[in-house]
Amino acid sequence: MSTERELLPTATARRTRAAVGQLLRPRRGLALGGLAVLVAATAIGLLTAPLLGHIVDLVARGSTDFTLPVAGLAAVALARGAANAWGLALVSRLGEEMLADARERFVERALGLPLEQVEKAGSGDLTARVTTDVAVIAKSVREALPELGRSVLTIVLTLGALAILDWRFLLAALLATPIQLWTVRWYVRRAVPLYAAQRVAGGALQHQLLDTVGGARTVRAFRLSADHVGRVRGRSQEAVNLALRGIRLMTRFFSRLNLAEYVGLSAVLAAGFWLVGSGAATIGTATAAALYFHSLFNPVNAALALVDDAQAATASLARIVGVSDLEGERETGDGAAPAGASVKAAAVGHAYVTGHDVLSDVDLDLGDGERVALVGASGAGKTTLAKLIAGIHRPTRGSISLGGVSLDELGPAATRRTVALISQEVHVFAGPLADDLRLARPGATDEDLRAALARVGATAWVEALPSGLSTVVGEGAHRLTVTQAQQLALARLVLADPPIAILDEATAEAGSAGARALETAAGRALEGRTGLVVAHRLTQAAGADRIVVLDAGRVVETGTHDQLVAAGGRYADLWRAWSGTRS
Amino acid sequence: MPTGRSVLRKAVSDQRRYVVGGSALAAAHQGGEALVPVLIGVIIDEAVTTGDAAALLRWLAVLAAVFAGLSVSYRFASRAAERASEQAAHRLRLEVTGRVLDARGGAEAGRLPGALVNIATGDAKRVGAVNGVLPFAVAGLAGLLVSAVLLLRISVPLGLLVLLGTPPLLWLTHLVGRPLERRSGDEQERAAHASGVAADLVAGLRVLKGIGAEAAAVARYRRTSRDSLAATLRAARAHAGHDGVILALTGLFIAVVALVGAHLAARGDITVGQLVAAVGLAQFLLTPFQIFAWVNGQLAQGRASAERIASVLAAPPAVVPGTGVLSGGTAGHVRFSGVTHGTLRGVNLEVRPGELLGVVCPDPADAVHLLECLAREADPGAGSVELDGVPLPELDLDELRSAVLVAAHDADLFEGTLLDNVLAGTRGSTVEPALAAAAADEVAGTLPEGVDTMVAERGRSLSGGQRQRVALARALAADPAVLAVHDPTTAVDAVTEARIAGALREVRRGRTTMAVTTSPALLAAADRVVVLDEGTVRAEGTHAGLVDSDAAYRAVVLS
């Protein structure tokens, strides 16, 4: 197996922007409408300060009738609340719909990628993108973006309102801006790597705890408690140190923003002093200007503090778009249909790394409906041969054909309909058990599902589940045993019903008692199909029509159980050790 | 015995220095924030209205001092609060880990590893977070008091209006918000489901590809995603509505304060500047009350988390350790006498010093229960297990486990190199024979950096067969006087298994070994084989002998 990781691609900034544009285009009306309503809401909110200023002016003039401005304040409150709610709802819809489109496109592409490519990148890369990156973007869409949008609108419109009061108030307020811009630059440069380090440390702590707590019995058996508590202490201390560095950075950031607030507020007050003194503004106007600026404190802090969230979301989006832009498997088939369910591998050789052959000169023929067992030590090339026949890898040399049609002519889609590979990896899909099975045949009725389960001997435990076929299984729900999960994999095979099936170590991980139940189930699932079984237990091999012994990538023996036992070769040695008959 | 209350109390009192210091500083910060609108009013009154430049400079200097004070106090308050919170969480995390790993066991009973990890991370964090919010609760109270004094000094009726009006206002917004928030919480949970489904499908990618189910999976994800979108949109609308109601109610309240204040100012009871300050304070006062609501929520979470932590710390131990030590070398003579535990019904079984005994349990539960008693993860309800004539409960647990090692079928590997893992159980002895005997040297040979290759947490970077061989090498390297292995080769191919069986005999020569298995290769290598059935010993002999004479044995082992 190759040791280098070729991570899946990340989109360029330009391509990411274009992808956002593509998502936005069909919703132009919604975007403009949402923006317009939010602008209106913010503008209405800005009327509060001049209304209060007007009241101040009325008091200064000795008037006692405040009905109009107070009624205005009440109207502003109601209109602002309503417009704000409407605008936020529109913008949320925009963001959520775009997010849903993006994640659906991503999952579609991710599931369509050739397995070879995913394995080169390590499946962790894809999983991280589908969980962490999508979550980061979703959080931004839900929390940061509306907040950022609202704050920016408030800031822009407030500054506009200051300019309307008197352009010199705006000039005074803008004295704070250079300090704020410099502060953000200062902060982002330090925050991005620090937060990345915090995420890494948090992940490492979580990993360490899972490792230690999950293996608690082993820790106790080998008396490793002190060592493991030490490991957890180290990881935890690292996370604590980084959290404290984070808070130091954040408080320094806000201190610098406090300075900007002071500079701006003093400048606006001094401008008011000068403008009132020269008769260019009333006291009410000066009051309104000062209140405007004071009311900017929170939105400015909120917007600036969200800058690094926005940056993280952009980086995540680039990773999502990178995968969404990938091409799927190329359909090379020319419509040829396999005739029958035979398998033929001719002079097949394979190397994952050039020069290191895993298989050499393998010839293997399986007749229609024949069942062949592959026996050999780990590293003999059994799994590689299984993957080549299933079309997951292309052989370096030689050719493979199913039903007389070569895999190249068949194309990936038809190959997958013709041959199924049940691998050692068992996975129970989270959700109702019936949904898991229907992945293999979407239109299956409950009766079909029950028949498939009965065929692999799973009826008893499925009936015993709290809600039968509707029981929610998988991660975080009802957990199935390894044996049950493997029976489920076999039931999926029965439902998918391909003419050719390959079982690779499908019974390996179960305890020895489970292994026997699975052998029976595997045998029944293979009925009516051409089957290639990678056998761990010799009894499984003994029951096959023919046995092929692989050693160091070559076929060294082939024949029926009786023939091989009689021949006195490797297989015969193994069998003698098993059956306790000493030669 | 720790309780939720005592856990929480200790978490706070351990960090009291930071909590108290942080509270004082946070209060100073709140006071400063409250003074800013007041000073704006003062500057309007004293400088802008009068045109007194000296007053302007004087008051701007005061404003500068207030800003400096509030900024510095916020900086150090936050740091103290964060430190108190993180340190408390760190201690609790280690305490929980220590309890889980305690030799007496019992903390995992009824809890999945994931749940325990959540307690050590999430719950520890939430209890620690109480330290982080307490200073701000104190500060909110201080801000409330300062504003109240300032308001009442401006005008008693206006002050009373604001002070008495704010709580009902917040109560009203809470009342409006509660059903909305509850709904939004439910729906957000359903929305999170979509992300889980996507991760699950990607995790099962090989399975999907194996049966050509990609299209069905994409269709399923699309449905989930659309459901989740609908739920999220409902939640978002509820949220937006809630925000709108709060904005409107706050605005109306300010209008009432302005109306009353304007009349007082018109009558000459207060100045224009005081009117401005009063409106500013009315807006400011919402913050402390919002802080109280937030602190209350955090406290409730912290209490619930403290309960969960306490339940782990207070979990009863699975076994009570003795104090006995084994004098000199251990002969390795194990005797089960009339052991009744779980599915076992009076098992009498002897493992003689230096022999390799095969134990066949057609019912896997028998094997688990037998080994549980030997490892002293549980004590039998009746009967006893003895090592060299000493009942196990009389022995110190560390002493016992250094002499008797039970290598479980599902034993975990740990993060670190392959060699680190194998060395874990040794006291620095050489591991090459163990690596070779378990055929783990072959595993190392296929890995990029041999025995120095890193193994991911719980051995996930290795295949099942590789994991089993490394785990077996670790058990053999520990070289205990008594070694029990449980189904050590189920994921190993038949060729390698035969080699391991032969090597196991050699590497354990002269030491007691018990192989609980139905593997014919291992049983053929054993000196003697004992068969359990229905919780009791049914047959005994050699593998070849039993294969010949015992049809039931043949059915279990060879079919």
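A: Let us begin with B:Glu214, which counts as buried at 11% relative accessibility. Please bear in mind throughout that this is a predicted model.

Q: Why does B:Glu214 count as buried?

A: The term buried applies under 20% relative accessible area. B:Glu214 has 11% relative accessibility and therefore counts as buried. B:Lys209 is buried as well, with a relative accessible area of 6%. The side chains of these residues, B:Lys209 and B:Glu214, meet in a salt bridge with an N to O distance of 3.5 Å.

Q: Which parts of chain B does the pair B:Arg505 and B:Asp527 tie together?

A: The side chains of B:Arg505 and B:Asp527 meet in a salt bridge, 3.0 Å from N to O. B:Arg505 belongs to helix H15 (residues 494–507) of chain B, while B:Asp527 lies in the loop between helix H16 (520–525) and strand S11 (528–533) of chain B, so the pair links parts that are 22 residues apart in sequence. As for accessibility, B:Arg505 is partly exposed at 31%, and B:Asp527 is partly exposed at 35%.

Q: Which residues are joined into one network by salt bridges that share partners?

A: The network consists of A:Arg27, A:Arg93, A:Glu97, A:Asp101, A:Glu104, A:Glu108, B:Arg222 and B:Arg226.

Q: Where do A:Asp227 and A:Arg231 lie, and how many residues apart are they?

A: Both lie in helix H10 of chain A, 4 residues apart, which is about one turn of the helix. A:Asp227 is partly exposed, with a relative accessible area of 39%, and A:Arg231 is partly exposed at 26%.

Q: How many salt bridges are found over all chains, and how many are counted between chain A and chain B?

A: A search of the whole structure finds 48 salt bridges over all chains. Between chain A and chain B the count is 9. One example is the salt bridge of A:Arg217 with B:Glu377, whose closest N and O atoms are 3.2 Å apart.

Q: Is A:Leu145 buried, partly exposed or exposed, and what is the reason?

A: A:Leu145 counts as partly exposed because its relative accessibility is 47%. This residue is placed in helix H6 (residues 123–165) of chain A. The C-alpha atoms of A:Leu145 and A:Val91 are separated by 9.1 Å, and the two residues are 54 residues apart along the chain.

Q: Which domains does the domain assignment give for chain A?

A: The assignment gives domain 1 (13–324) and domain 2 (343–579). The centres of these domains of chain A, taken over C-alpha atoms, are separated by 52 Å.

Definitions and conventions. Residues numbered from 1 in each chain as written. Chains lettered and ligands numbered in written order. Predicted model: local features only at pLDDT ≥ 70, side-chain atom pairs only at ≥ 80, totals over all residues. Heavy atoms only, no water. Domains from an automatic or database assignment. Salt bridge = Lys/Arg side-chain N within 4 Å of Asp/Glu carboxyl O. Helix = DSSP H or I, 4+ residues; strand = E, 2+ residues; numbered from the N terminus. Buried < 20%, exposed > 50% of the residue type's maximum accessible area, 1.4 Å probe, protein only.
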